[in-house]
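Visitor: I have the sequence and the model open. Please walk me through the strands, a helix and the charged pairs.

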Amino acid sequence: YSMRSISKGIIFDFDGVVVDSVSIKTKAFAELYKHHGDKIVQKVIKFHENNGGVSRYEKIRFFTEQYLNIEPNQIDIMNSAEKFSSLVVDEVIKAPYITGAFDYITKVSKDHKLFISTGTPQDEILKILEGRGISHFFTQVYGSPEAKTFHIDKIKNDYSFNSKDLTFFGDSSTDLEAASLKNVQFILVKNIYNEHISKSYNGKKIENFLEIL
């Protein structure tokens, strides 16, 4: 992909795209549910790995309802989410970059507007980008609770971009669906968790960013 085919604005999902942190989140979910026993933990892990890009609030609500058969209440969900946050933030700050991601971001930031669109809560992703010393690369950072389709609309509105001005790097079906719905070029960053998406996706795919540096 020549740089010319990459548009004016580039949107990056975070976990699994910029940083190799999917397994950190997996461990945190396992920790969160371990007192419910191994069966529940296995279900939680499987769901988490198959549903990248879905916010932890939605996941926790789903686990509470479907796996624990408990009526979810907002306070419990927030408490679990806070516990989850305390388990992951420092780890994600220390996690390695996806190969080539840092160099790619450094390079394209010179003549593109860069954005983050993630299922991680807004305040937490800001803390992580600060901690990694990379917040200055990004024009704007969007996290949950808003959906990724909302993030894309906001980027278009706030920066007067149309669909063809944007490229979205993602690794989950949430990313792919948001990009498709908004007619934005999508590039799939392949990993062990998204082989099911990779098989059926005929668009652009990369193993890592060295391929397009």
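Guide: Start with strands S1 and S2 (residues 113–121), which pair in the parallel sense over four bridges. Strands (E, at least two residues) and helices (H or I, at least four) are DSSP runs, numbered from the N terminus. Two strands pair if DSSP finds at least two bridges between them. This is a predicted model: local features need pLDDT of at least 70, side-chain atom pairs count only at pLDDT 80 or more, and totals for chains, interfaces and linings use all residues. Residues are numbered from 1 along each chain as its sequence is written, and side-chain values use heavy atoms, with hydrogens and water left out.

Visitor: In S2, which residue is the bridge partner of Gly9?

Guide: S1 covers residues 9–12. It pairs with S2 in the parallel sense. In S2, the partner of Gly9 is Lys113.

Visitor: Are the two faces of S1 covered or open?

Guide: In a regular strand the side chains alternate between the two faces of the sheet. In S1, Gly9 and Ile11 lie on one side, Ile10 and Phe12 on the other. These four are buried (under 20% relative accessible area; exposed is over 50%, partly exposed in between; 1.4 Å probe, protein chains only). Both faces of S1 are covered.

Visitor: In S4, which residue is the bridge partner of Ile11?

Guide: S1 also pairs with strand S4 (residues 166–170). The sense is parallel, over four bridges. The partner of Ile11 in S4 is Phe168.

Visitor: With the side chain of which residue does the side chain of Glu124 make a polar contact?

Guide: Glu124 is found in helix H6 (residues 122–132). At 3% relative accessibility, Glu124 counts as buried. A polar contact is a pair of N or O atoms within 3.5 Å; within protein, one must be able to donate a hydrogen and the other to accept it, and residues adjacent in sequence count only if both atoms are side-chain atoms. At 2.7 Å, the side-chain partner of Glu124 is Arg56.

Visitor: Which residue forms a salt bridge with Lys25?

Guide: A salt bridge puts a side-chain nitrogen of Lys or Arg within 4 Å of a carboxyl oxygen of Asp or Glu. For Lys25, the closest N and O atoms are 2.7 Å apart, and the partner is Asp15. Lys25 lies in helix H1 (residues 22–33) and Asp15 in the loop between S1 and H1, so the pair ties together parts 10 residues apart in sequence.
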